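Student: I would like to learn how to read salt bridges in a model. Can we work through some cases?

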Amino acid sequence: MTLIQRLFRTLTGVLLSFILAATVHAQARQITGHVTDAQSGESLPGVNVQIVGTTSGSSTNVEGTYSLSAESGQELLFSYVGYESQTIVIGNQTVIDVALSVSYERLDEVVVVGYGTMKRSDLTGAVSSVREEDITQVKAANAIEALQGKVSGIDMVRSSGRAGSGYSILLRGARSLTASNSPIYIVDGVSYGSDIDINPNDIASMEVLKDASSTAVYGSRGANGVILITTKQGTAGKPKISFDTYYGITSPLGSVPLGDAEYFLRMSRDYLRTTRPEYDWNTPDDSIDVGPALSARENEGYARGENFDWVAAQRKDFGSQQDYHLSITGGNEQTRYAVALDHMIEDNFIPNDNYKRYSLKTNVESKVTKWLNMGNSSFISFTNQILGRGINYNMNPLTPAYDSLGNLDPEPNDRVPFENPLIDQNPDHYLNQVYDTRIFSTFYGQLNLLEGLSFRTSLNFDLGFQRNGFFQGTYEGIDRLSTGNVSFTDSYNWTWQNVLTYDKNFGDHHLQLTAATELISNRIERGYQSGTDLELGNSWWWTLSSANQDKLIAPSGDEGWLPLSEKSLASFIGRVHYGWKGKYLATFAGRYDGASQLAPGSKWDFFPSASVAWRISEESFMSGISAITNLKLRLGYGVTGNQSVDPYSSVGSIQRIPMYYEFGQPEQVVLGYRTFYLENPDLTWESTAVTNLGIDFGLLRNRISGSIELYKSHTYDLLQDRTLPPTSAVPVITQNVGETKTKGIEVTLRTVNISSGDFSWTTDLTFSANREEITYLVGGVQQDLANFWFVGQPLSVFYDYDKIGIWQLGEEEEAALYGRVPGDLKLADVNGDTTISDLDRVVLGTPRPKWIGGLNSVMTYKGFDLTIFVFARIGHMISDGIETQWSPDRRENSMERDYWTPNNPTNDYPRLNPGLTRSGWSEATVLRYKDGSFVKIRDLTLGFTLPKDITSKAYISSARVYITAKNAFAFGKYYKQGRYDPEYRGAMGMPIPKMFAIGANLTF
Amino acid sequence: MKRTIVYTVIVLLVGLASCEKFLDEEFLAGDSTKRRYSTAQGMENLISAAYTTSKIWYGKEEGYDFTTAGTDIYDYGQQHPQQYQYTFTTDFNPTNSRLVVLWVELYRGVNACNDAIDVLSDPARTPFDAAMTKVRLSEVRFLRAFYNWHIVETWGGVHMTTEPVKGVVITANRTPVADFYKLMLEDLDFAVANLNETDNTAKSEYGRVTKNAALAIRSRFGLTWGYYSGDNNMLTQAAADAQAVINSGDFSLYDNYADVWALENNDNNTENIWAINYSRTEYATMNVDPDGYRVYQRSGDKPWDEREGGHHGHLMFGMQYDIMQGMTRDLLYGRPFRRYNPTMYLIDAFHEDVDERFEGSFRTVWIANNPTATRLKWPIAGWHDNPADTAHYGKPIVEFGDTCIVFIKRDWPATDTLIEDAIVQNYVWHYNRDFWTLDHSLMFNPDGTIRGERTNDRNLCIELNKFTDPERAAANGTGSQRGIRDAYVVRLSEMYINAANALWKTGNSGTAYDLLKQLADKRSYNGDGAAMLASYGINGGEDLSEEYFLDERAREFCGEQLRWFDLKRVGNQMMIQRMQMYAGNPSARANFNEKFILRPIPQVEIDAIADPSYQNPGY
């Protein structure tokens, strides 16, 4: 430290002490000090220094020093997020320097709980937090991906392998039959919608509110859980410039063995054996003339010895994913700021499928006066997503994609004509593109009215503009008309929040009162046009006005399509938290919601909750048990809703009948409009009541810490469409009738295995198991076959015939009872009536896992860090589409299969059957149900932080480089058979990629 | 600081005071029933919708299915997709997809009427002035009676409602037939009492219900209820209503029966009392997207497709002329869907030598219209080969413009040579006359059932050409199905027959005979109605009988979607008896019984109300 610096520090210390002196007792003594990180020795700015038992205190400045006046014998509490707090009794010193060590479990951590914050140790409900480093660990476009395996209770699967694709997320299972089961997202206090496109680097923390006592403050929107996202704020200090980037190459995880020429010829020979009397199963292959089994073009290809790999032709060897993130943060005592620019590019290994995002994130907060803070948090993003077509797995290896001149053959297969799938990999012929612009900006002001009393008002504007264009052009040689459509969706939302918080200690009593109001207004405007046979088909959907056919201004067949949809929600929110000696804690929360969608008189609904906690470890009788650092028991109950009624659902409304009546001569049309939706004044929210029992524990100075949650929930008033008798004149009415139940267990365990000097090793383990069940369906029926809902079963099941094998030789007689012969599918005759009919279908399984778990292990040694993250999803069934992509008549190629022949008595796949086409074979579905269990190494990262003495020469304050493998290894029963990633129900058209990437984090 | 708190509180209160208004929902991308029906435009839309229900029945396949076919006059044709409707086996059951369509739409129609009646009956809510309210209310009450009649005559004493449906109703009532008729007649009484003679008679109002329409329909319903209840006053009233229409001077009978069906008389038909107005406007080409019906259909059922709107009668009765040498499909002969074949009873009911209605109703001769009809030339191996006729050799069998097909309702004289071994698609070659032919004994078995094996499983028959429509947009493909004819619901001739029927039933057979003679004068070739009646065995009122009225109605109204109701009116016993005697297939003759007189209630209704006992007996 230079002399000048020392001088400056002293001066500021003196200056600060003058200011503070005005507010403290005159007889007090001046104390100064320097707070550092125990491990690195770096100064810690912003550390809270409080005189215990008073409201007086200070905080360290940018240099890590503080100054305050206190008396001897008073205790100073040094606390800082992420560090163990320390208490020091003031003796005679005037200088108290403190070194804080990183805490293993952040009990003092401030947790965002909705309309306020709370100390983790005060929580009475089930809230999980995701740390900053976990959010950016797995390299993803979508920040939500960080939750997979990191938060117990969340079951998420990627919707597809498409670039920029999202996730479908269930928190503690599904509970709604017709409404959304997705949790709601709150960004910096404001509802963000279901599609989170925020860069992980911009996020400071994510909190997941899981039980009703935590989500009750979100009332009618809380039933599916709430995910709170807090974006990064600036910190006082000199500007910090960070640059984070990575570049990765992607390729499919696994591959489907599409039949090659040899396989196709083998099938063709076997086909001849089944159809030609001159051949039998003992005829040697080489004495079978395969020609008659092949089409003209296949014969040509056979003669040329073609063996075209269609899957390889339809994808590039590698795709890529890259991200460039530049952020500048800083500020002073009055004003803090954070600005981040990001550019993310994902280019799929399937051509014509990519995703680009540009985003700007800004945060500014200023202390305008002593009693007023103001700020703005804004997020602007633009994405350009091109959605490609999936891989076609039915192309024939004997008929290649290109003719002898190297030109694309428009329709290579002549047996079952398929357009050459490579045509639509060219954006001139096929383009499906989404432009998405989002402006999300929150202005707020906070008044610090009295000690402990503050009032915060915030106004958020959330504007979204989406354009979705689709075009498919003509192509010489194939019979198709150009067609296109374009839709525009503009959303205009605003939220106005007022939150009054009173937080104060009265001796042993701690009281936190929160009262809030919120007004939310949503408006969506849409436009649409489509057409076929575009006269000017040269510029995608921009020439739709030249369409010769099917010009539409609303999507065809979509009765519910509304060009304007508006809704609003008004709410009163209250929460009372009381703690005694930090030992006995209770929280009561509730929300009174009024919604525009509901009928007058039924608009308002109340969602209450109560929860208590007992910090057993704070009891005196526990003081002797040093091994137990923390032990807390929590119990909560609450009711929340699912805001699932669409706008205008309760209004009786009319519909145009598509036929008209004409009066007069010449006829004058009078359009017919009549009642189609009945007034539905009784419609209300779906409600979920949850009981949650939780235990938080910390052992050995919190080196082992974690929590266990047990919960039971009951969802009632489920929305279901009730088919009305035709005598009621309208087809359906939505009613609150169904019921479901869920129960489950969640375990989170964090251990600091080794923490010694240069080497540290921590592991985080999550485990969750959830069971869901339908308990009541409309009309009291036990099953609803139209939707595959069954009382007593999970909300989503696979319901089909049960394949028990293949009829084998020697079973002819029994097979004949079912009209089958050896080689045919053997299906379970469940009701024993010796026919296979609809009645023999059974529930085969569910896409919901028995359990999910994640294990994250982080090791650091000197500058090196190694992270391994394993994720498991076990016990669920998937429906693998490629299994049904088989034509037993061998007319189309597909995945290579072990099919039955008299010489190959397999039980896997049935015989070749000239009478069954791919599309006509409805029973093929029984082949597709597979055990989807898998274990994946989601992330394997090795990083190296360059030594300071090297980086500082380049004016870099810290530099880390890393290599990472994402999604690189997977294990599973079905996966082993060589299919694509089972994570998304065995998606094959758009396989989920694995990625190898290198990256760097630089701070200047 | 205090001031800050005050401001804070003010901000909070202002923010929340407007809460209730904030939560008002305004439906701008559509409209609510409440608001829409309070406007004149919205009410006109609703009333138009109420009229439109009639288009599910009149001039439509589903309507023909359950009125014309499956009776003593018509049986199924080759291409009818649900032939079991006419064999009366257990296959004719509550899952019948066509009955669903009718059931659903009729109740929607009744509800549209109830919606309108609800508003218009309340002087405080009607969007019209008093005079207009009276007219429009009469129209919708008429329509409610009209749709209720179709319901009660098809399914019996099922659900009846006089109020708009509100909220969740998952029950259906069982209303006695008498109560249906009570309401129907009240509704018609209202219309008759409140419509002036001049209301809706302007050309610009054509298609709307008039006072005469209300009287005519009241005569029909009154006659029916008179029969059911045995109430002679009802019959007397029915006769009076019918005579009032006849005497109104607004209508007249055509001299030539064929003129009733001439397309040029479509819009100004002097016999038409009330018609469902189909038009040439582009709107009629719209398909009815059956999304609303899909909900009620079971998996596997094809959604109901209303085929380009318009009148479809021209499609239903055609025979497959266009497969024959010499013929090609054209606008004149139409697009034959081959849904229905006439029974022998119907064909034989006409004395075509005196009665112009046979010629005016059926097509028996087709002229070769195919310019390239020269492919097949004489001689043909295996055909009758007359060495004396070698002059034919090398010439086309049929030449453009020649008579190509002739069906006759008698047998050819034994001297005429039919080449039965020269059957092409079951047509028989008439060697002496050089055309394709079928005669009576080739069309019908001796017992009167249709000879399916000789009519290529019913693709050949004498076809009803009342509804042919050469003004369609195309002979084939898009536009070929949309007929522009109006569907006549009630014609002047029915007033003569209804009045005669009611008078005869009440003992006034002399006047009855006179009325029938007035009609016969117009329907006979020579204007001598008495002679024509005599040929049918009617020399005076004393010869009239129930059978005679049914025969006469068959001759006058065949194909006009009335037969089922006419049979039903005379009583179950007689209906069953006639089906046993005249039905077009043996299965119907053997199976038809009392159960089938009421149609099965669609299963979707039974399922939705979860009450199997609601079903009509026997299904």
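Tutor: We start with conventions, then take chain B and its charged pairs.

Tutor: This is a predicted model: local features need pLDDT of at least 70, side-chain atom pairs count only at pLDDT 80 or more, and totals for chains, interfaces and linings use all residues. Residues are numbered from 1 along each chain as its sequence is written, chains are lettered from A and ligands numbered from 1 in the order in which they are written, and side-chain values use heavy atoms, without hydrogens and water.

Student: How many helices and strands does chain B have?

Tutor: Helices (H or I, at least four residues) and strands (E, at least two) are DSSP runs, numbered from the N terminus. Chain B has 24 helices and 11 strands.

Student: How many salt bridges does the structure hold?

Tutor: Side chains of opposite charge can pair when their charged atoms come close. The criterion is a side-chain nitrogen of Lys or Arg within 4 Å of a carboxyl oxygen of Asp or Glu. Over all chains, the structure holds 84 salt bridges.

Student: Where do B:Glu139 and B:Arg136 lie?

Tutor: Both sit in helix α7 (residues 130-155) of chain B, 3 residues apart, about one turn of the helix.

Student: Which helices hold B:Glu546 and B:Lys505?

Tutor: The two side chains form a salt bridge at 3.6 Å, N to O. B:Glu546 is in helix α20 (residues 546-557) and B:Lys505 in helix α17 (residues 492-505), so the pair ties together parts 41 residues apart in sequence. B:Glu546 is buried at 13%, while B:Lys505 is partly exposed at 38%.

Key
Buried < 20%, exposed > 50% of the residue type's maximum accessible area, 1.4 Å probe, protein only.
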